[in-house]
Amino acid sequence: MVTSDRFADTAVLLTGAGSGIGRATALRLVAEGAAVFAVDANEAGLAGTVDGASGPGRIVAYVVDVSDEPAVVAAVDGAVTELGKLDVLVNVAGIHRTTPIERLTVEDLRALFDVNVVGTALFCREALEHLPEGGVIVNTASSSASHGNPFMTAYSATKGAVLAFSLSLASEVIGRGIRVLVVSPGSTTTPLTAGVRLGGLDARYYSRIASPMGAGRPEQIAATIAFAASRDASYLTGVDLRVDGGSHI
Ligand SMILES: NC(=O)c1ccc[n+]([C@@H]2O[C@H](COP(=O)([O-])OP(=O)(O)OC[C@H]3O[C@@H](n4cnc5c(N)ncnc54)[C@H](O)[C@@H]3O)[C@@H](O)[C@H]2O)c1
């Protein structure tokens with residue numbers, strides 16, 4: 001585990017911290033000195049993240065559904081009260097569904113947009129009440145925001161929306177000295193991808209999704225999120241950092 005003081009005296013609100021990429025990001029930030037307000041809908045998952053965290057930072061767990069507006073308002077207030085301030089927002093919470101276009105439902109579309117887009121947007125809106133000059137927002141999109149993947153039309157649309165939202169937000173808040181970045185993972189081994197069923201796909205489809213470097217590890221995505229959130233990225237804003245092991249060279 002990398003340890004440093006890169007995030008000393010840095011207050012971070014992180015969504016999706018109960019599993020996968022969000023958990024790896026929480027562990028990385030605590031190891032680098034951050035005070036992390038870790039948010040997720042999955043209480044047991046959050047407890048596992050808290051158990052695994054070690055380092056100079058600290059972590060506080062908070063259960064919330066990111067698509068529930070009053071609950072998001074309360075979560076951001078809770079973070080500021082608990083941490084005393086807010087320097088960084090990292091939105092990682094997300095859901096995935098694979099559906100052939102013939103079977104796409106309104107329920108699929110609404111569920112995906114509620115969590116992936118509405119949840120991200122609400123946390124940005126509320127956090128911006130508190131972020132100071134020098135503050136950072138890192139939103140998680142996907143390589144499918146900018147590259148086609150079969151059976152992922154609805155999911156990809158939500159990630160394209162996260163990317164577009166973030167670029168506009170970056171331009172809106174640049175004058176306040178606040179950076180907004182997007183991290184777009186490629187296929188990464190987490191419970192989310194374990195639930196993705198691509199059975200029946202032929203090799204032409206797999207070759208579009210797979211990386212020649214193999215599947216990504218959550219720690220590799222977390223390292224990029226930590227970089228984006230850190231002062232090492234102080235001259236970066238309004239860009240999409242695609243971390244996909246060369247899947248789309
Ligand atoms: N794993 C991949 O291959 C991959 C690729 C591209 C993008 N992503 C994105 O990375 C992010 C993290 O994915 P992951 O692979 O770590 O998935 P994961 O399923 O392991 O973790 C997602 C977390 O989000 C939480 N969550 C889901 N809905 C929520 C809600 N309504 N309120 C609060 N928390 C909620 C879940 O409880 C879970 O802990 C997602 O936004 C996902 O779309 C993942």
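**Strands and salt bridges**

Tutor: This is a predicted model. Strands β2 (residues 35-40) and β3 (residues 58-63) run parallel, joined by six bridges.

Student: Which residue in β3 is the bridge partner of V39?
Tutor: Y62 is the β3 partner of V39.

Student: And what do β2, helix α2 and β3 make together?
Tutor: A right-handed β-α-β unit, with α2 covering residues 43-52.

Student: New topic. How many salt bridges does the structure hold?
Tutor: The count is 12. In one of them, the side chain of E32 meets that of R6, at 2.9 Å from N to O.

Student: What does that E32–R6 pair tie together?
Tutor: E32 sits in the loop between α1 (20-31) and β2, and R6 in the segment before β1 (11-15), so the pair ties together parts 26 residues apart in sequence.

Student: Are E32 and R6 buried or exposed?
Tutor: Both E32 and R6 are buried. E32 also forms a salt bridge with R28, at 2.7 Å from N to O. R28 is buried as well.

Student: What about R97, which residue forms a salt bridge with it?
Tutor: D108, with the closest N and O atoms 2.8 Å apart. R97 is in the loop between β4 (88-91) and α4 (106-127), while D108 is in helix α4, 11 residues away.

Student: Why does D108 count as buried?
Tutor: Because its relative accessibility is 9%, and buried means under 20%. R97 has 27% relative accessibility, so R97 counts as partly exposed.

Student: Last one. Which residues do salt bridges with shared partners join into one network?
Tutor: R6, R28, E32 and D232.

Notes: Residues numbered from 1 in each chain as written. Predicted model: local features only at pLDDT ≥ 70, side-chain atom pairs only at ≥ 80, totals over all residues. Heavy atoms only, no water. Pairing = 2+ DSSP bridges. Helix = DSSP H or I, 4+ residues; strand = E, 2+ residues; numbered from the N terminus. Right-handed = clockwise from strand over helix to strand, strands pointing away. Salt bridge = Lys/Arg side-chain N within 4 Å of Asp/Glu carboxyl O. Buried < 20%, exposed > 50% of the residue type's maximum accessible area, 1.4 Å probe, protein only.
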